[in-house]
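Subject: Structure for you to look at

Dear colleague,

I am passing on the structure we spoke about, with the sequence alongside. Please open both before reading on, as my notes follow below.

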Amino acid sequence: MLSGIINNAFFVFFPIFLYYLFYHQGRDRFFNNDKFILTILFSISVTLCMFFPYQFLMTEDYLFDLRQVPLIIGTLYGGYIVGAVLFVVSAVVRLIIGGGDGVVIALLNQFAIFAVVPLFRRAYFKLVHRKRIAVITMISAGSLAFNAFAGALLFNDPLLEVLDMWFILLLNQSLFIILTTIVIERIMKNNYIEQNMQKHEKLEVISHLSASISHEIRNPLQVIKGFIQLLHTKEYDREKQKEFYQYMNEEIESAERIISDYLMFAKPTFDDQETISVEREIEKAVSIIQPYANLSSVSIQYTGLASDHLIDCDHQRFKQVIINIARNSIEAMEGGGKLTFKVKGDKDHVLVIIADTGKGMTGEEVIRLGEPYYSNKATGTGLGMMVVYSILKNIHGTIEVNSMPDKGTEFLIRFPKSMQQPK
């Protein structure tokens with residue numbers, strides 16, 4: 001008896017767990033999608049339950065199974081189409097098994113489940129979880145009562161003699177249908193929570209990005225506004241005006257760079273990929289970053305190779321990766337230091353190594369690099385490294401960061417090698 005109950009329980013729970021593990025991710029309601037898959041799984045469940053029944057010691061003249069659990073669950077959550085398939089499957093299996101008057105009662109019961117249970121669907125899904133469990137338990141009890149009264153009315157079975165058997169089966173089936181419903185409701189609840197967490201995270205990212213962009217753009221706008229007010233309130237000589245205009249132009253370029261970084265992260269475009277030389281592009285990037293390094297008392301050392309190493313990437317995006325990392329490295333060396341560039345190559349990849357002698361980072365800071373709105377600088381937005389990670393992801397590149405506090409940081413950027421010749 002116990003082994004039979006365990007087998008039937010396994011047949012009931014197996015399709016639900018299988019569906020949850022492989023298909024249910026991202027679904028907002030059980031059975032809303034993949035009805036075909038779930039119908040097949042529940043059909044298998046019904047069939048196995050019917051082929052492997054069990055007996056109770058006090059009712060050795062009767063065989064029991066848990067077919068009604070997947071029948072009711074499948075029909076209630078899947079509707080008439082799923083219910084029709086499960087009814088046909090259960091009817092065919094019952095006819096194959098045989099059993100005299102019991103066949104007629106079983107077919108009538110299964111048809112009643114198919115015809116009546118879907119009528120409760122709309123009201124059922126409006127209920128809270130506990131009330132759903134109560135409703136599905138009453139449906140199960142009603143189905144068993146239908147069997148008892150149908151036998152008494154159609155075949156004059158003594159109703160009082162089967163009450164003890166009916167009560168035992170009611171407890172048995174109700175227990176498993178309650179457990180099955182709890183499992184399904186828990187799956188639905190967990191998925192609902194997961195989807196809401198994902199939405200919340202997306203909204204939080206947008207909120208943080210908006211706040212950071214607003215803050216960063218407000219600074220140059222305030223500077224420009226201040227110079228305009230100075231020019232408006234007092235007459236300055238031509239040289240002083242040129243100086244003011246130069247400051248304002250620098251602030252405008254700063255705002256443009258912030259907006260460009262944001263757009264690059266929000267909607268990266270890589271329609272203009274070309275075959276470029278890593279060595280040549282690094283030389284250009286170094287020439288761009290050199291004045292900033294000089295102002296920060298940082299010396300740059302570049303060790304390239306005699307031959308060009310080619311990759312497929314838009315040259316502007318590649319320089320953006322190199323410059324963003326180099327700029328962060330220079331800012332990490334507040335009292336000056338050395339910034340080193342190295343290029344290595346193998347059969348399939350080109351490795352660019354950027355190392356600094358700055359303040360370094362902890363393991364937690366390294367892990368969080370590239371996260372929205374994360375920066376280990378007091379006035380940073382994190383957009384620069386977000387752009388770096390976004391570009392590398394889209395060109396199938398990778399980045400590895402080795403760092404220790406007060407020991408400097410090393411960035412290892414690996415690009416897939418191109419088989420093309422440079423243009």
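A search of the whole structure finds four salt bridges, a salt bridge being a side-chain nitrogen of Lys or Arg within 4 Å of a carboxyl oxygen of Asp or Glu. Please bear in mind that this is a predicted model, in which local features need pLDDT of at least 70 and side-chain atom pairs count only at pLDDT 80 or more, while totals for chains, interfaces and linings use all residues. Residues are numbered from 1 along each chain as its sequence is written, and side-chain values use heavy atoms, with hydrogens and water left out.

One of the salt bridges joins Arg132 to Glu185, with 3.0 Å between the closest N and O atoms. This pair links distant parts of the chain, since Arg132 belongs to helix H7 (residues 129-155) and Glu185 to helix H8, 53 residues apart; helices here are DSSP runs of H or I with at least four residues, strands are runs of E with at least two, and both are numbered from the N terminus. Arg132 and Glu185 are both buried, where buried means under 20% relative accessible area, exposed means over 50%, and partly exposed covers what lies in between (1.4 Å probe, protein chains only).

Two further salt bridges each sit within one helix. Lys240 pairs with Glu243, the closest N and O atoms being 3.6 Å apart, and both residues lie in helix H9 (residues 238-266), three residues apart, which is about one turn of the helix. Lys240 is partly exposed, with a relative accessible area of 32%, and Glu243 likewise counts as partly exposed at 32%. In helix H10, the side chains of Glu281 and Lys284 meet in a salt bridge (3.6 Å, N to O), and because these residues are three apart in that helix, about one helical turn separates them. Which of these two side chains is buried, and which is partly exposed? Glu281 is buried, with a relative accessible area of 7%, whereas Lys284, at 40% relative accessibility, counts as partly exposed.

Helix H2 (residues 35-51) packs against helix H3 (residues 68-78) at an angle of about 165°, with their axes 9 Å apart; that makes H2 roughly antiparallel to H3. Axes are lines fitted to C-alpha atoms, for helices over the stretch in contact, and angles run from 0 to 180 degrees between N-to-C directions; angles under 35 degrees count as roughly parallel, over 145 as roughly antiparallel, 65 to 115 as roughly perpendicular and the rest as oblique. The H2 and H3 crossing is left-handed (the near helix is turned anticlockwise from the far one by less than a right angle, and clockwise for right-handed). The axes of H3 and H4 come within 6 Å and cross at roughly 155°, so that H3 is roughly antiparallel to H4, and this crossing is right-handed. The axes of H2 and H4 come within 10 Å and cross at roughly 25°, which makes H2 roughly parallel to H4, again with a right-handed crossing.

Helix H4 (residues 80-97) also gives the most to a nonpolar patch, with four residues. The patch on the surface is formed by Phe51, Phe52, Val88, Val92, Ile96 and Ile97, which together have about 560 Å² of accessible area, calculated by the Shrake-Rupley method with a 1.4 Å probe and, for residues, with only the protein chains shown counted as cover. Patches are made of residues with over 30% relative accessible area and no salt bridge, like charges being joined within 9 Å and nonpolar side chains (Val, Leu, Ile, Met, Phe, Trp, Tyr) within 5 Å. Val88, found in helix H4, is partly exposed, with a relative accessible area of 47%.

Ser297 has a phi near 60°, a positive value in a residue other than glycine; Ser297 lies in the loop between helix H10 (278-295) and strand E4 (298-303) and is exposed, with a relative accessible area of 52%. Asp406, also not a glycine, has a positive phi of about 65°; Asp406 lies in the loop between strand E8 (398-404) and strand E9 (408-416) and is exposed at 68% relative accessible area.

With best wishes
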